[in-house]
Structures are given as structure tokens and as C-alpha cells.
Amino acid sequence: MPEIKLLDQHTINKIAAGEVVERPASVVKELVENAIDAGASAITVEIKEGGISFIRITDNGIGIPKKDIQTAFVRHSTSKIKSIEDLMTVSSLGFRGEALASIAAVSQIEVITKTYDDLTGIRYVIEGGQEMSMEEIGCPEGTTIIIKNLFYNTPARKKFLKKPATEGAHISEFVNKLALGHMGISFKFIYNNAIKLHTSGNNVLKDCILNVYDKEIVKNIMPFAVEGHDFDIHGFIGKPQLCRANRTYETYYINGRYVKSKLMMRAIEDGYKTKLTVHKYPFVVLHMQINPDLIDVNVHPNKMEIRFHNEMEIYEVIKNGIHQHLRQVDLIPEVPFDK
Ligand code: ADP
Ligand code: MG
């Protein structure tokens, strides 16, 4: 019988990285979520070669204190929760303390960061989970993280990446979703030196939808608002003619978190049922605010799955709400475009 042994930390980190870091878009998601949690009002995402060789995320958030930078890259280290009880009320997007450790295990990272309190900033370089250097430098408050050569030390994973154009499209899609989820933050997305998205951050969802999509879409959407016992949902839903052959236009957020939920999906699509033909999917951008006690976001390491305690009520409220809002479209055919 072979001996049973605990794996060393490097191997543990590389294995665990697989759950959090599937592709370049997952790196962008985790790092942008960190920037949002850091209270940034402006976030720039820059990628080259579909994010495989280069990703740079810059934020103007609170920065990482000099004394904490090494700890931030240790698995399960987080500033966002202190105990399991905190999970019941967690409002930050992150809390598992896994992203930086996971990304660092499978790439080459450079962080430049400064807090308000530290007099100088720091530049920290870590490759394949090994610290390479740490030095003081002058820099503005906030954080810049550069990720180079994702999966350079895990060829088996690298092999599964798609062409740069496909990986880049996934990132673009994700940045769009993150921007629509946080209209109060100005997002910039630069792909191979060209600006692909720039949102104003003025906190107006309709303006954000216009930045991400176009006038044709904005002309054909209408405001949506419903309330349940412990939650409310607001946003925009598209007229049936905006439908698509896939679900890329179905976007919803729960307490600011972009998620995929079978329950929400079913409720939305059933609300449209009589208006859409089979295999057509609606345009919606919906924000749900719900008491954090009534959901569980700790279902999967990527935190994109969610469980609700009051499933039936949520289903009914959304489905009926959409149905009723759509009935109004029949009465008022054109929603005026006020921009
Ligand atoms: P989590 O987000 O789950 O806490 P991460 O591994 O993503 O775990 O990050 C570890 C810690 O590093 C965070 O809890 C936070 O304190 C700090 N951190 C990461 N990114 C940033 C950032 N852009 N600005 C400020 N602090 C950050
Ligand atoms: Mg995080």
C-alpha cells in the first residue's frame, strides 16, 4: 500500500487553483470583484492575446497595506470575514480568500499598491506561488495587478484554453456584466490597445445599458420593479422583439453579485412564455436586493451559484411581474427614449 501523505502547499495551491481559475475570464472576474470590494470608483481592465499572456487591472480603491501583502497571497486569507457566522451577512463579493493564492499558483503576478495610510507604495512580484521580489515605490493610491502567462506552469490546463479571440470574448462579456452590475463605478475595458467599453459610473442603469449595448436596445426596454416580502427587484426588461437565440441577454444580480440561477432563469422565461417562440430568450437586466440571511452564496468556489430559502415566492413574484409589465407593452407600443 502506498503511504498516505499530506501534499505540500505548492501542490495544494495548484490543484485548488483549478476550481477558481478556469480561464482568463475567471481571473478578470476575481480581480475586478476585489477592486469592487476595495471601494473603487474607477476600474480599468486591459488584456492582450485574449488575456492569456497579459491582464492588467487597475483600481482606485483602498489598496493593500504593506504589512498584509504577503498574507493576501496565502490561501484562505481574507480581510472580509472573520468567522463562519459572518457568512450570513456578508456583503462583499469575495470572502473565501482563495483568488490571489490560486491565480499566483498558475501565473506570473506583479502587484503595485498603496493605501491612504502608507507613505509609499509597494511593488510585489510572485511567480508560480513563489515570492520573487518586494520593494517600495512611489505610486498613486489603489491597486494595479498584472497577470502574465496564465497556466505557464500547468501545461495540461493551458492546452484546454480556446483561441485568444474566444478567451477575449469571454472576458469582454464578463466586464460588460460586471459594469451592468455596478453602475456607480466607471469601467474601462481595453483589448489589444483599443478601448472597447467605457461606462460613466453615474449610477444610472439605463445609461449603463446604453454604454454596454446600443440605442436600439435602449429604445426597446422598459423599467421593471417588483417587491416581495424580504426582497425587491428593479431593472429593465426588453420587449419581446429583442429576443435572442441564446441566453446572453439574460442578466441578473443578487445583492450586486452576477449569478446564474436556474430559479431566476425559469421565472423570467416563464414570465415571457406566451410572448416568445421556443428557443428564444429575452433581454433583461435585473437587480435583486434580498436579505442576505435568505440566500446562500457559498455553493461553489466561483460563487456564481446561489440558493434561496424562499424559492416559491421569488419565482411567483418575478414571473407574474414580468407578465404584468409585458401586458402594458401591448397598450403603449413605444417606450420613449429620453437621451
Ligand atoms: P477574498 O476576496 O475572498 O478576500 P482574495 O484572495 O481575492 O480573497 O484577496 C485576498 C485579500 O487581498 C482580500 O481580502 C483583500 O483584503 C486584499 N485585496 C485583494 N485585491 C485587492 C484590491 N484590489 N484592493 C484592495 N485589497 C485587495
Ligand atoms: Mg477576492
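Author: Helices (DSSP runs of H or I with at least four residues) and strands (DSSP runs of E with at least two) are numbered from the N terminus. What is shown is a predicted model, in which local features need a pLDDT of at least 70 and side-chain atom pairs count only at pLDDT 80 or more, whereas totals for chains, interfaces and linings use all residues. Residues are numbered from 1 along each chain as its sequence is written, while chains are lettered from A and ligands numbered from 1 in the order in which they are written.

Helix α1 runs over residues 9–20, and its 12 residues reach 16 Å from the first C-alpha to the last, close to the 16 Å expected at 1.5 Å a residue; the expected span is 1.5 Å times one less than the number of residues. Within α1, N13, A17 and V20 are buried. These three lie on the same side of α1, because they cover an arc of only 60° around the axis, the arc being that of the directions from the helix axis to the C-beta atoms. An α-helix has 3.6 residues a turn, so residues three or four places apart point the same way. Buried means that 20 or more other C-beta atoms lie within 10 Å of a residue's own, exposed that 12 or fewer do, and partly exposed is in between, with C-beta atoms placed from the backbone.

The buried residues of α1 have a cover that includes α2 (24–37) and α4 (99–105). The largest share, three residues, comes from α2. In total 21 residues surround ligand 1, and the closest are N34, A38, T78, G94 and A99; a residue is near a molecule if its C-beta atom, placed from the backbone, lies within 6 Å of it. By class, the shell holds eight nonpolar, eight polar and five charged residues, where Ala, Val, Leu, Ile, Met, Phe, Trp, Tyr, Cys and Pro count as nonpolar, Asp, Glu, Lys and Arg as charged, and the others, Gly among them, as polar.

The domain assignment gives domain 1 (9–198) and domain 2 (218–331), with bounds that come from an automatic or database assignment. The C-alpha centres of the two domains lie 29 Å apart. There are 16 residues of domain 1 in contact with 12 residues of domain 2, contact meaning that two C-beta atoms, placed from the backbone, lie within 7 Å. On the side of domain 1 that touches domain 2, the elements that give two or more residues are α1 and α6. Helix α6 gives the most to that side, with four residues. The residues of that side divide into seven nonpolar, five polar and four charged.

Helix α6 (residues 164–181) has 18 residues and reaches 26 Å from its first C-alpha to its last, close to the 26 Å expected at 1.5 Å a residue. Its buried residues include E167, I171, V175 and L178.
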